[in-house]
Amino acid sequence: MITPDDHGDEADANPDASAAVEASDDQGDASDANPDATNPDDQGDESDANPDATAAVEAFDEAAEQLFARLRGNPVADRIFYTASELGNFSILWHALAWAGARSPRQRRNALRVSVALAVESALVNGPIKAQFNRSRPLVQHDHPHRLRQPLTSSFPSGHASAAVVAAALLSEPRRRRWPFWTATAVVAASRVHVRIHHASDVVVGALVGAVLARLFKKIWPLR
């Protein structure tokens, strides 16, 4: 016959079992106390919460890819877009346009304004903005017909597109003929899709980021 004291002795004899039971009870209480806690399966569902938007972006990128596929292999188109893409590296084209013919103090101030804006844009886009994303760049199944620098950062958004828009917005501000700058911007931005360094959606969002940065910079450092 087992007495109540015997039960106490059994519990003392196996403290590990008692601790396991208490831990199980604590876990049950914790799960009851936080019914809104998510499990890994729930997090997976959240990542797929907006499949329509993803499908729309993929469809847009595929349509643009098909459009540029018709131009690839054309010697003239390849030369124009590859050259534009290379000139866009480190904003070489935009710095050159800013400082070309900057003779007066006012022109040099405006050229400095463009260069500083491009430096800020590069630091933001290639730093914290791209760090928020980890999008792979387009797959290339064939060799590039011309020299091309291969970036290591995230594909999204396009730094070439954002820099081009910032530069065009500031360079064209004091001039009556603005279309040459915006034409160059369009060619540089489109070149990133042609050379298969960016998806079309990367370029579109990059241009939007550039537009926002240019507007902010005009307020911070107005043209004089």
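Let's start with a pair of charges: aspartate 61 and arginine 135 form a salt bridge, and their closest N and O atoms are 2.7 Å apart. A salt bridge here means a side-chain nitrogen of Lys or Arg within 4 Å of a carboxyl oxygen of Asp or Glu. Aspartate 61 sits in helix 4 (residues 51-69) and arginine 135 in the loop between helix 7 and helix 8 (159-171), so this pair ties together parts that are 74 residues apart in sequence. Helices are DSSP runs (H or I, at least four residues), numbered from the N terminus.

A quick word on what you're looking at: this is a predicted model, where local features need pLDDT of at least 70 and side-chain atom pairs count only at pLDDT 80 or more, while totals for chains, interfaces and linings use all residues. Residues are numbered from 1 along each chain as its sequence is written, and side-chain values use heavy atoms, with hydrogens and water left out.

Back to arginine 135, which also forms a salt bridge with aspartate 202. Aspartate 202 belongs to helix 10 (residues 200-220) and arginine 135 to the loop between helix 7 and helix 8, so here the parts tied together are 67 residues apart in sequence. Put together, Asp61, Arg135 and Asp202 are linked in a network of salt bridges.

How many salt bridges does a search of the whole structure find? It finds six, including these:

| Salt bridge | Closest N and O atoms |
|---|---|
| Aspartate 61 with arginine 135 | 2.7 Å |
| Arginine 72 with glutamate 65 | 2.7 Å |
| Arginine 135 with aspartate 202 | 2.6 Å |

Are these residues buried or exposed? Buried means under 20% relative accessible area, exposed over 50%, and partly exposed in between (1.4 Å probe, protein chains only). Aspartate 202 is buried at 0%, and aspartate 61 counts as buried at 10%. Arginine 135, at 26%, counts as partly exposed. In the other pair, arginine 72 is buried at 16%, whereas glutamate 65 is partly exposed at 22%.

Now for some helix packing. The axes of helix 6 (residues 92-99) and helix 7 (residues 105-131) come within 8 Å and cross at roughly 165 degrees. The axes are lines fitted to C-alpha atoms over the stretch in contact, with angles running from 0 to 180 degrees between N-to-C directions. Helix 6 and helix 7 are therefore roughly antiparallel, a label for angles over 145 degrees. Helix 6 brings Trp94, His95, Ala98 and Trp99 to the contact, and helix 7 brings Arg108, Ala111, Leu112, Val114, Ser115 and Leu118; contact means heavy atoms within 4.5 Å.

Note on methods. Helix = DSSP H or I, 4+ residues; strand = E, 2+ residues; numbered from the N terminus. Parallel < 35°, antiparallel > 145°, perpendicular 65-115°, else oblique.
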